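Student: I would like to learn how to read a structure, one feature at a time. Can we walk through it together?
Tutor: Gladly. Ask as we go.

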Amino acid sequence: MKKILLLFSFIFLFTGCIKYQELNNMAIITTMAIEKKEEKYLITLKETIPKKEENKVATEYKYYKGEGKNIEKALEDASNNSSKDIYLKQVQNIMVTENKLLKAVPANFKNNIVLFRVK
């Protein structure tokens with residue numbers, strides 16, 4: 001009986017929401033734009049914010065910009081410009097300005113890339 005009680009005690013103590021994050025504290029990014037100007041990378045992140053209205057769900061957008069000597073530093077700068085935690089697992093589209101930048105994009109995003117030209 002003591003073993004069962006001890007087992008249930010461990011189950012309740014060591015299970016639960018260890019990595020719990022509040023959705024209101026996260027910026028859910030759906031689109032990312034990557035540009036290269038001179039020796040710097042410029043990144044623009046688009047946050048989708050669903051808002052409930054009377055009979056429908058409306059959507060608002062917020063944009064975060066960052067720049068750095070590589071893509072990681074640019075993302076870090078964009079994250080520092082946000083009061084929320086940047087959440088990139090919902091990225092559906094990545095826009096890049098040059099073919100050379102495609103090498104810097106992870107392979108699992110290759111189907112979601114839109115190549116555009118900026119003059």
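Student: How many aromatic pairs does the count come to?
Tutor: Start with the general idea. Two aromatic rings are described as a pair by the distance of their centres and the angle of their planes. Now this case, which is a predicted model. The count here is zero aromatic pairs.

Student: What sits over the ring of Tyr61?
Tutor: The charged end of Lys46 does. It lies 4.2 Å from the centre of that ring.

Student: Let us step back to the whole chain. How many helices and strands are there?
Tutor: The chain has two helices and six strands. Read from the N terminus, the order is α-β-β-β-α-β-β-β.

Student: What percentage of the residues count as buried?
Tutor: The chain has 119 residues, and 26% of them count as buried.

Student: And what share of the contacts joins residues 24 or more positions apart?
Tutor: Take the contacts with a separation of 6 or more. Residues 24 or more positions apart account for 41% of them.

Student: Let me try single residues. Is Ile29 buried or exposed?
Tutor: The idea is to compare relative accessibility with a cut-off: under 20% means buried. Ile29 has 0% relative accessibility, so Ile29 counts as buried. Its place is strand β1.

Student: Which residues does Ile29 touch?
Tutor: Leave out residues up to four places away in sequence.

Student: How many residues apart in sequence are Ile29 and Lys89?
Tutor: They are 60 residues apart in sequence. In space, their C-alpha atoms are 7.8 Å apart.

Student: Where is Leu42?
Tutor: Leu42 is in strand β2. Its relative accessible area is 23%, so Leu42 is partly exposed. Setting aside residues up to four places away in sequence, Leu42 touches Ala33, Ile34, Glu35, Lys37, Gly66 and Glu67. Another distance to read is the one to Lys73, 31 residues apart along the chain from Leu42. The C-alpha atoms of these two are separated by 9.7 Å.

Student: Now a backbone angle. What is phi of Glu38 near?
Tutor: The general rule first. Most residues other than glycine have a negative phi. Phi of Glu38 is near 55°, a positive value. Glu38 is in the loop between β1 (26-37) and β2 (40-52).

Student: Why does Glu38 count as exposed?
Tutor: The cut-off for exposed is over 50%. Glu38 reaches 75% relative accessibility, and therefore counts as exposed.

Student: What volume does the largest pocket have?
Tutor: Its volume is about 200 Å³. The elements that give two or more residues to its lining are β1 and β2. The largest share, four residues, comes from β2.

Student: Which residues line the largest pocket?
Tutor: The lining consists of Leu23, Asn24, Met26, Ile28, Glu47, Thr48, Ile49, Pro50 and Lys84. Sorted by class, five are nonpolar, two polar and two charged.

Student: Where does Lys84 lie?
Tutor: Look in the loop between α2 (71-80) and β4 (85-87). Lys84 is partly exposed, because its relative accessible area is 26%. Beyond residues up to four places away in sequence, Lys84 touches Asn24, Asn25, Met26, Ala27, Glu47 and Ser79. Lys84 and Ala27 are 57 residues apart in sequence. Their C-alpha atoms are 5.6 Å apart in space.

Definitions and conventions: Residues are numbered from 1 along each chain as its sequence is written. This is a predicted model: local features need pLDDT of at least 70, side-chain atom pairs count only at pLDDT 80 or more; totals for chains, interfaces and linings use all residues. Side-chain values use heavy atoms; hydrogens and water are left out. Buried means under 20% relative accessible area, exposed over 50%, partly exposed in between (1.4 Å probe, protein chains only). Rings of Phe, Tyr and Trp (its six-membered ring) pair if their centres lie within 6.5 Å; planes under 30 degrees apart count as stacked, over 60 as edge-to-face and the rest as tilted. A charge sits over a ring if NZ of Lys or CZ of Arg is within 6 Å of the ring centre and within 35 degrees of the ring normal. On a 1 Å grid over the protein atoms alone, a cavity is a set of points where a 1.4 Å probe fits but cannot get out, and a pocket is an open set with protein on both sides within 12 Å along at least five of seven lines; lining residues have an atom within 4 Å of a point. Grid points are joined across faces, edges and corners, and a volume is the space filled by probe spheres set on the points. Ala, Val, Leu, Ile, Met, Phe, Trp, Tyr, Cys and Pro count as nonpolar, Asp, Glu, Lys and Arg as charged, and the others, Gly among them, as polar. Contact means heavy atoms within 4.5 Å.
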